Amino acid sequence: MRIADKMRYGQVERNLQNNRAEMSQLQNQAATQKRVTKPSDDPLAATRVLEARSEERGNVQFTKSIFYMKNFLEFSDQALGEMTEALNRSKELALGQASDAGASALTRRAVAEEIGQLYSQALQIGNRKLGDRFIFSGYKTQTQPFDKHGEYHGDEGDMKVQLHKKAFVAMNLPGSKVFAGQGLGADGIAHTEETPVTTPELMEYRHELDNKPPEQPAKLEMRSPASVNDILTSGINVFNVMKSLEIALRTNDKEQVQSSLNGLDQALQQVILARAELGSRLSSVNGTLESLQKAIVDNKTLASQLEDAEIFQTVSDINKTDATLKASLETSGKLIQPSLLDFIK
Amino acid sequence: MAKISNMMDIGKRSMSNSGTALQVAGHNIAGRSVENFSRQRVEIQTNVPITEGKLQLGMGARAGNVTRVNNPFLEKQIQKETSQLGYADGRAENMSRIEQVYNEQLNKGLNTSIGAFFNSFRELANQPESLASRTLVREAGLTMGQDFEKINRQLKDIQRDIDFQLKTDVDQLNQMSKEIASLNQKIMQAENLGTSPNDEKDRRDLLLKKMGEKIDISFGEDKFGNIAVHAGKIGILVSGSSANELHCTETGARDRAEIFFKNSENGSSFQVTDLATGGRIGAGIEVRDKVIEDLLGSVDTMAHSMMKEVNAAHIEGFDRYGKEGILFFDMPDQVKGAAAVVKINETINKDVGKISVAARPDAPGDNTVANVISSLQYQKIMAHGQATFDDYYNTSVGQIGTVVQRAVKNHESQKNIVDQLGNIRESVSGVSLDEEATKMIEFQKAYDASARLIRVADEMYDTVLNLKRL
């Protein structure tokens, strides 16, 4: 083949250019530690990295929500625990005063005092706040749920928190259910209401809300001793039970004290069921949290496998390319220099 | 006697031939760095011999034509491939710029801000009472709006830049048409005189390659040596010694640079933008009018759906003051251009309390609407219910990546083809200093020898003239 001068120069130029381009790309990889620095480096990987990242951001947010929710649930659980203790203590005291053996009008009056204190303790538990939110007043978190008569002023709202893509779980238990005993399911458990997650559902929900007759304010019902059937179908107002016990003790009404025991049992059962509900929510939340944390790590690993440069590979490639570049430079000098003219003197 | 004068004559002509050959070698050396130069050769031919009795005596040599060493078929092939290269180059360059708009590998972009926007509603759902969470929603909404606007603006910037490129390319194309027309004339005149206009032909070949780089052309040579150039489907650019110009100006409803063609001096001009194919101009128009328009359309669709869906849920709710919800985003009239105007309602911008979170009035802890809005992220809203916002955006990033990858690969392989062909051309037509140096030595020696011949003839004359003195 006839070799013209431009071929030699062109060859040198192209080779050096190629070496430099490769070097620059490798250097970029080493500096960013990424194999994929733009979508065209590997379109499939780039898309999957983007997906993994949106997924990860969602998951990180869900874990944040879950931590907040756990805090809320544990706080509610503690309140219910204290409530159980207060009710147990009331029951103990009531048992002691239910017969005339060792009890008299005098002791009953003294015990009434203690029940009164337990009553205000129970009220204080019902009005407990986390941060600036009343935890037992449904959606009306800025309204104190129970007044001093044990009357409920919140609503039945369940605040839902998104645990993962498809799941919303209620965070709170409205006081109307746990303490006032309204709106419980047939099994005595505080079931949560379905809330809309899509816009059409939301519109329907709004429509239903608008057409619902205005809610009757919760009435303070002085309940008679509940029958077994009552226990199964409806709840009881914890505060009313305690209040009526206190009144019975104060008025030295032995029969009424005895019948209050039934109410206390029912109230205890109601609070314990609610605690069980909280417990099951907590355990499901913990389960979700674990799988989310695992998913976050998995996603990071996936993204890293897809986009990160293998550093040893990169460095060894750099060394190789560097050697090639030096060889090109060296031979280029030799290729360009001599011509016949150098030898005609 | 005749022989001595013949010798002198042969010597003189040979000296002149060597001089010519040396000049050509000099021209080759000088032309070595001229683009598309073909090395030239003097055709040295023997003169008509004379016959004396039985002797046929050569009368030396004369310089015939100076011709270029060139393979016209190779030139034509290079022209075609160069045109392909111009197209591949224009496409790869512009597509790479588009890719940068969508590149989120190393920094944050729309994908991030959409995620952050929905996450801000999740945060708000956790604490609907908090003003801080409401402010977070507003900030996330503003950032997302800015990112939509940024993509829209950057894509439009590339379009404007292509407009500018087109104008420059069309100007250069016109210059080249004119130059080819004037070269046509010179070449025709020279060929009429029977000489070979080597340098002009080299130049014309080069111009044809360069024109092809700009736009798809076809051309042919007539029997007088004129080359007529036809630009794709547009019309005749060069015919004989006259050239038709293209014009490129921003006009029309689109306010884009459009290309016009006037087929005669006084004729009316037609808009030929859509007819321009191939080369850098074709690539630019394709990227500007198809690729970028499609991308703008899809980002507009996404912005519009986003605003529509968020608004639809938002308006169903109640704000912090127990009032019915208002629009979250200011809704544009049409989908086109929606991405440029993703703006939060001014009322909300001033008072984050106006963000609706609740599905009922006076329920500060009600987060139903916030939950509905954050759920939009995982609903298949885009592409006729086939894709979520994330899917839709990520898919288009993947598509751009694939297209860019292909464009860059095409450009690389096309460049290799052109380089290879260029090498073959140089192998045929390129100048080699070694070769020219050899020729120089060869002709210098020939020159010396011819001079010596003349001196010998001169001495022979002397000998003859001094005969009688002896």
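**Chain contact, strand pairing and core packing**

In the contact between the two chains, chain B contributes 56 residues and chain A contributes 59 residues. On the side of chain B that touches chain A, the elements giving two or more residues are helices H3 (110-126), H6 (279-314), H8 (368-375), H10 (389-429) and H11 (433-465) of chain B. H10(B) gives the most to this side, with 15 residues. Sorted by class, the side of chain B that touches chain A comprises 24 polar, 19 nonpolar and 13 charged residues. The model is predicted, and the values reported for it are computed.

In chain A, nine helices and four strands are found. Along the sequence, the elements of chain A follow the pattern α-α-α-β-β-β-β-α-α-α-α-α-α. The radius of gyration of chain A is 37 Å, whereas a compact globule of 345 residues would have one near 20 Å. Taken along the principal axes, the box filled by the C-alpha atoms of chain A is roughly 140 × 50 × 30 Å. Of the 345 residues in chain A, 38% count as buried. Among contacts in chain A with a separation of 6 or more, 70% are accounted for by residues 24 or more positions apart.

In chain B, four strands in the order E5-E6-E7-E8 form an open sheet with antiparallel pairing. Strand E5 (217-221) and strand E8 (242-243) of chain B are the edge strands, each pairing on one side only. E5(B) is joined to strand E6 (residues 227-231) of chain B by five bridges, and the two run antiparallel. Gly220(B) has Ala228(B) in E6(B) as its bridge partner.

A further antiparallel pair in chain B consists of strand E9 (residues 246-251) and strand E10 (residues 256-262), joined by six bridges. Thr251(B) is partnered by Arg256(B) in E10(B). E9(B) and E10(B) form a hairpin with four residues between them. In the turn, Gly252(B) has a positive phi of about 80°.

The largest nonpolar core has 158 residues. The residues with the most contacts inside this core are Ala122(A), Val238(A), Val271(A), Ala303(B) and Val369(B). With its neighbours within four places in sequence left aside, Val238(A) is in contact with Ala122(A), Phe179(A), Ala267(A) and Val271(A). Another core, of five residues, lies apart from the largest one, and its members include Val24(B), Ala25(B), Val42(B) and Phe443(B).

Technical notes:
Residues numbered from 1 in each chain as written. Chains lettered and ligands numbered in written order. Predicted model: local features only at pLDDT ≥ 70, side-chain atom pairs only at ≥ 80, totals over all residues. Contact = placed C-beta atoms within 7 Å. Nonpolar A, V, L, I, M, F, W, Y, C, P; charged D, E, K, R; others polar. Pairing = 2+ DSSP bridges. Core = buried A, V, L, I, M, F, W, Y, C linked by C-beta atoms within 7 Å. Buried ≥ 20, exposed ≤ 12 C-beta atoms within 10 Å, placed from the backbone. Rg over C-alpha atoms; globule rule 2.2 N^0.38 Å.
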